[in-house]
Amino acid sequence: MKVAIASGKGGTGKTTVAVNLALALEEVQLFDCDVEEPNCNLFLGFELEPLEAVTCLVPEIDPERCALCGNCASFCKFNALAALPNKILSFPSLCHGCGGCSFVCPAGAIDEKPRSIGLIEKNSSDSSLTFFRGVLNVGEAMATPVIRALQRHIDESRHAIIDSPPGTACPVLAVLGCADYCVLVTESTPFGFHDFLLALEAARIFQVPVGVVLNRDGLGDSRVEEFCRAEGIPILLRIPNDRMIARFYSEGVPFVKEMSGWKEKFKVMFEMIRAQACKNMGVS
Amino acid sequence: MRQLAIISGKGGCGKTTLTAAFSSLSGNAVLADCDVDAPDLPLILKPRVLDTEDCLGLELASVDSELCTGCGICREVCRFGAVLENFTINPYSCEGCAVCTVACPEKAVCLTPRVSGQAVSSITRFGPMAHANLGTGEEASGKLVTLVRKKASELADQYSCKLVLIDGPPGTGCPVMAAITGTDLVLVLSEPTVSGLHDLKRAIKLTAHFRIPAVACINRYDINEKKSLEIEAFCREAGIPLLARLPYTDITTEAMMNEETVIEYAAHSRKAEAVEFVNIIRKLWADIKMRLSGPCDEEMCSKTLPIRES
Ligand code: SF4
Ligand code: SF4
Ligand code: SF4
Ligand code: SF4
């Protein structure tokens, strides 16, 4: 089963939930798909080894063969090529690697060369927790290819926990599209509720069953709870607004390791997720 | 016109709280909520909408089933896996690159524009504001950020505002780049957590890349003073002026629950904590205003918080 941990935006405790859940369960895979800010390992402290470079194919134009017809530049939807009177300029960072320019070049003057945009890393295997993460190079705009590359490493025969990217755009959809269950982490405040609704909308596109983790519970009001009750969305877990937890977080220490009882709570939460996901898949 | 962008390596650092506070202090600024994925400023500032403008995102391919012979060429050439087995298009995968349109022998595929979101001009109790509505699953966020900033400059012209306050998106991706290019100063908000320093470094790398002067501020510094000192040390080494340290407080949430900025909240709250908190923000704002008011000179830029001894 693949469980995505998502939230309308960053800073709501997504990574905390993903890491603590993974540590409570032990025999699972954890994927850090927040490739712009992969923070899980700050709490795990694994030695990571590079597994795979994520690349994007970008055009390389052979000036000898190029007839300067400009077809490639006028085809490119992403302005990654510009035709000058005596030269075709390319802007690799804008290129999506669609291959269109080489397809339309009548002179066969375009070769495609891989350009690195990110990296997939994995923990060395002496832990019962298998951890993978993707890292997007700073300054790169396209997170989705890195996420897709990361997802190819999911071992379907085991449970996988996926720390999703924040927001509601393509990168999250790439994660939700493959998930069997989505945990939405939120706070019961006006901001939290608003962002939660956005995330819920994204999850509903794929009809993934959803459950809620209320973070910093005790702060704010009951708006998220009331909404969940009305919509029949289960509240899986409440993490109190506790300075101790905030402090462990700031130190990069997963609190299931330090505070008794929490491991059990996360395990119970996972059982609830399983029950609900099975119901959704038609298994009783 | 001067532009200040407030960013942080990630969300939840208190960016919006701070931007809202600045807006209630500045008096003559246009706000640009560039956190287009999850715009929260409108929740506090309750804007009255003046007009909206569609932002055209990536185009989307569509297959004319009358013409399609099912030869499968489009599926072969599409590198984004957007052509499904029945030769229809998955809108969430299609990047609108148009390769399928030129590859299809039957000319059965065409591209259609799609609206990815809207940029909104509005008016709030603190002055004009530009923000966005983004369609779920749309990713033209960089483009939409640019459009929101364009709206903000138009509003600045229209209302003779001298300053644009940009509430930046989280992360270091394309939307953030769109939010900070061409600004005069970037304020990076950081938190004393293991990820906080890490995120700050990434954000600073980005501002350095665009050669924009950056200043920093630590939020909830007292959650972990040791980590705060690490952040201070980093700022000192990197030559980033650290302008303020904000304490951990529930005031920010209380203000948010009241749909007020912290400045408004402190004005009627009897809590000493609120007054103290707001005083730090006032000082921070005065400092930023000074930095924005003239060309940055060496002496002024090196004026940072005295570093405490540990
Ligand atoms: S591969 Fe596609 S995006 Fe890249 S330059 Fe060619 S046409 Fe443009
Ligand atoms: S399409 Fe080919 S020949 Fe024409 S300008 Fe581009 S590279 Fe040169
Ligand atoms: S290439 Fe054209 S004709 Fe062939 S399957 Fe695709 S849409 Fe249909
Ligand atoms: S426009 Fe590009 S991404 Fe969309 S279906 Fe066609 S080939 Fe695929």
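Two helix axes count as roughly parallel when the angle between their N-to-C directions is under 35 degrees. In the predicted model, the axes of helix H7 (residues 194-209) and helix H8 (residues 225-238) of chain B cross at roughly 15° and come within 9 Å of each other. H7(B) and H8(B) are therefore roughly parallel, and the crossing of H7(B) past H8(B) is right-handed. On the H7(B) side, the contact is made by B:Val194, B:Leu197, B:Leu200, B:Lys201 and B:Ile204, which meet B:Lys227, B:Glu230, B:Ile231, B:Phe234 and B:Cys235 of H8(B). By class, this contact comprises seven nonpolar and three charged residues, with no polar ones.

In chain A, nine strands form an open sheet of mixed pairing, in the order S3-S6-S7-S2-S8-S1-S9-S10-S11. Strand S3 (48-61) and strand S11 (235-240) are the edge strands, each pairing on one side only. On average, and with direction ignored, neighbouring strands of the sheet are turned by 20° against each other. Within the sheet, strand S6 (residues 110-123) and strand S7 (residues 130-136) of chain A are joined in the antiparallel sense over five bridges; A:Ile120 stands opposite A:Gly134 in S7(A). Helix H1 (residues 14-25) of chain A lies across several strands, including S1 (2-6), S2 (29-32) and S8 (160-163), and runs at about 165° to S8(A).

Technical notes: Residues are numbered from 1 along each chain as its sequence is written. Chains are lettered from A and ligands numbered from 1 in the order in which they are written. This is a predicted model: local features need pLDDT of at least 70, side-chain atom pairs count only at pLDDT 80 or more; totals for chains, interfaces and linings use all residues. Side-chain values use heavy atoms; hydrogens and water are left out. Axes are lines fitted to C-alpha atoms, for helices over the stretch in contact, and angles run from 0 to 180 degrees between N-to-C directions. Helices (H or I, at least four residues) and strands (E, at least two) are DSSP runs, numbered from the N terminus. Angles under 35 degrees count as roughly parallel, over 145 as roughly antiparallel, 65 to 115 as roughly perpendicular and the rest as oblique. A crossing is left-handed if the near helix is turned anticlockwise from the far one by less than a right angle, and right-handed if clockwise. Contact means heavy atoms within 4.5 Å. Ala, Val, Leu, Ile, Met, Phe, Trp, Tyr, Cys and Pro count as nonpolar, Asp, Glu, Lys and Arg as charged, and the others, Gly among them, as polar. Two strands pair if DSSP finds at least two bridges between them.
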